[in-house]
Amino acid sequence: QVQLATSGGGSVQVGGSLRLSCVASGYDYSKLVVGWFRQAPGKEREGVAAIYTGGISTYYADHVRGRITIAQDSARNTVFLQMNSLTPEDTAMYYCAADARPWLCPHVATMTFGYNYWGQGTQVTVSS
């Protein structure tokens, strides 16, 4: 059983930055795929980025590529989502998710069905 604790959301102005954190526990941290998702009001949950904690593989959704970076601190069992140049379109509840598998498959990296464990959301609000 994987437990995920998400934090780091907040309110920022257009062009600002935020770093979200996701701490994983309850499982071998090095054998996880961890993904970030977001859900805006009235919209479906969409994948943002994913990382394989046992290596260097990462994957980004096209709509965030270049502005958002996923990274990890394995010593702290933590995955980060660094978001820069934020726009109001980035306003959403952000979720961390994980699945225990030994590789990062691009076809499911940003798909909700690819993850069995979910953390609580953290709200990101970008205002102009």
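Six bridges join strand S7 to strand S8, and the two run antiparallel. Strands are DSSP runs of E with at least two residues, numbered from the N terminus, and two strands pair if DSSP finds at least two bridges between them. The structure is a predicted model, in which local features need pLDDT of at least 70 and side-chain atom pairs count only at pLDDT 80 or more, while totals for chains, interfaces and linings use all residues. Residues are numbered from 1 along each chain as its sequence is written, and side-chain values use heavy atoms, with hydrogens and water left out.

S7 and S8 form a hairpin with four residues between them. In this turn, Asn77 has a positive phi of about 50 degrees. Across the pair, Ile70 stands opposite Leu81 in S8. Strand S8 (residues 78-83) also pairs with strand S3 (residues 18-25), in the antiparallel sense and over six bridges; here Val79 of S8 is the bridge partner of Cys22.

These strands belong to an open sheet of four, with antiparallel pairing and the order S1-S3-S8-S7. Strand S1 (3-7) and strand S7 (68-73) stand at the edges with a single partner strand each, so one side of each has no neighbour in the sheet. Neighbouring strands of the sheet are turned by 20 degrees against each other on average, direction ignored, the axes being lines fitted to C-alpha atoms and angles in general running from 0 to 180 degrees between N-to-C directions.

**The nonpolar cores**

A nonpolar core is a set of buried Ala, Val, Leu, Ile, Met, Phe, Trp, Tyr and Cys residues joined through side-chain atoms within 4.5 Å. Buried means under 20% relative accessible area, exposed over 50%, and partly exposed in between, with a 1.4 Å probe and protein chains only. The largest core has 30 residues, and Ile70 and Leu81 are among those with the most contacts inside it, as are Val34 and Trp36. Elements giving two or more residues to this core include S3, S7 and S8, as well as strand S5 (46-52) and strand S11 (122-127). Apart from it lies another core, of eight residues, including Val33 and Tyr52.

Contact means heavy atoms within 4.5 Å. Not counting residues up to four places away in sequence, Val34 touches, among others, Cys22, Ile70, Val79 and Tyr115.

**Aromatic rings and charges**

A search of the whole structure finds three aromatic pairs. Rings of Phe, Tyr and Trp (its six-membered ring) pair if their centres lie within 6.5 Å; planes under 30 degrees apart count as stacked, over 60 as edge-to-face and the rest as tilted. Two of the pairs are set out below.

| Pair | Centre to centre | Angle between planes | Class |
|---|---|---|---|
| Phe37 and Tyr115 | 5.2 Å | 80 degrees | edge-to-face |
| Phe37 and Trp118 | 4.9 Å | 55 degrees | tilted |

Phe37, Tyr115 and Trp118 form one aromatic cluster. Phe37 is buried, at a relative accessible area of 0%, and Tyr115 is buried at 4%, whereas Trp118 counts as partly exposed at 31%.

A charge sits over a ring if NZ of Lys or CZ of Arg is within 6 Å of the ring centre and within 35 degrees of the ring normal. The charged end of Arg101 sits over the ring of Tyr115, 5.3 Å from its centre, and that of Arg45 over the ring of Tyr95, 3.8 Å from its centre.

Thr110 lies in the loop between S9 and S10 and is buried, with a relative accessible area of 18%. Leaving aside neighbours within four places in sequence, Thr110 is in contact with residues including Phe37, Val48 and Tyr59.
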